[in-house]
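Let's take a walk through this structure and look at a few side chains and helices along the way. Have the picture open as you read.

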Amino acid sequence: MQVEAGSVADSVPEERPNRRIFRDETLLVLALSLGASGVSALISFVGSVTKPGGLKNQAATMNASAAPGRPWLDLAWQLFDIAAALVPVVLVAHLLLREGKSLRTLGFDRTRPWPDLGRGAVIASVIGSTGIAFYLSARGLGFNLTVVPEALPDVWWKFPVLIMSAIQNAVLEEVIVVGYLLRRLGQLGWTPAAALVGSAVLRGSYHLYQGIGGFLGNMAMGVVFVYLYRRWGRVGPLVVAHSLLDIGAFVGYALLAGKVGWLPTA
């Protein structure tokens, strides 16, 4: 007797997500994104600590050229890296759809653009000034490497790429480390306090390549961001704030490096 493929598929019971599935998918998302970055940052930190000379005499470079002397190839690599880094966010969106939810559940949408922009700008202004002071102090005390936010060639696409890179960082980190991770940890039975610590430590871990200062500073930022997310129920303002912070760091360094005495350079 011939059985239609559709009827066989319809006869298979649909498995609803449970705690084991949520646990496994969370580990996979982190392994493909910021969890792997945390391990990489730890290895980099160990290498820096065991290298002769103090941490502040070493540099942690971000947004470096991928093909020196070949600007069009370099641009292709920069755009590829930005796009590839956002794939885990698309995966998160897919996993939420399986629950009948979407990124809107995390507050990542365009339903409240002006409140998100306003709140994000305020957060960035407060954290930005505090973060610069903390970084300079940590570096001066020898707890941090010299952070070089950009080392791209002076070509026409330099600033657009820096801005896109900043936005990519913000979307990836806030959607996964705040919105998605807190949701999944809650579904796994973590207490709110434990989930806050887990999110903050994860954020600090993948900044460890910058040194102890980078770890502690970003962990503190993670605590603030989790508190604000729970208060507002939206990652939108956090994405805006993070984007503005990174744009300020990347573009600001490109414009000021070597021109002001207070800004350390490699």
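**Rings and helices**

Start with two tryptophans: W72 and W156 are both exposed. Keep in mind that this is a predicted model. W72 sits in helix α4 (residues 71-85), while W156 belongs to the loop between β2 (146-148) and α7. That puts them 84 residues apart, so their pairing links distant parts of the chain. How are the two rings arranged? The centres of the W72 and W156 rings are 5.8 Å apart and the planes make an angle of 55°, so this pair is called tilted.

Now move along to helix α7 (residues 158-187) and helix α8 (residues 192-205). They pack at an angle of about 150°, with axes 10 Å apart. Angles over 145 degrees count as roughly antiparallel, so that's how α7 and α8 run relative to each other. The crossing of α7 past α8 is right-handed.

Which residues meet there? From α7 come E173, E174, V177, V178, L181, L182 and L185, and from α8 come A195, L196, S199, L202 and R203. Sorted by class, this contact has 8 nonpolar, 1 polar and 3 charged residues.

Note on methods:
Residues are numbered from 1 along each chain as its sequence is written. This is a predicted model: local features need pLDDT of at least 70, side-chain atom pairs count only at pLDDT 80 or more; totals for chains, interfaces and linings use all residues. Side-chain values use heavy atoms; hydrogens and water are left out. Axes are lines fitted to C-alpha atoms, for helices over the stretch in contact, and angles run from 0 to 180 degrees between N-to-C directions. Helices (H or I, at least four residues) and strands (E, at least two) are DSSP runs, numbered from the N terminus. Angles under 35 degrees count as roughly parallel, over 145 as roughly antiparallel, 65 to 115 as roughly perpendicular and the rest as oblique. A crossing is left-handed if the near helix is turned anticlockwise from the far one by less than a right angle, and right-handed if clockwise. Contact means heavy atoms within 4.5 Å. Ala, Val, Leu, Ile, Met, Phe, Trp, Tyr, Cys and Pro count as nonpolar, Asp, Glu, Lys and Arg as charged, and the others, Gly among them, as polar. Rings of Phe, Tyr and Trp (its six-membered ring) pair if their centres lie within 6.5 Å; planes under 30 degrees apart count as stacked, over 60 as edge-to-face and the rest as tilted. Buried means under 20% relative accessible area, exposed over 50%, partly exposed in between (1.4 Å probe, protein chains only).
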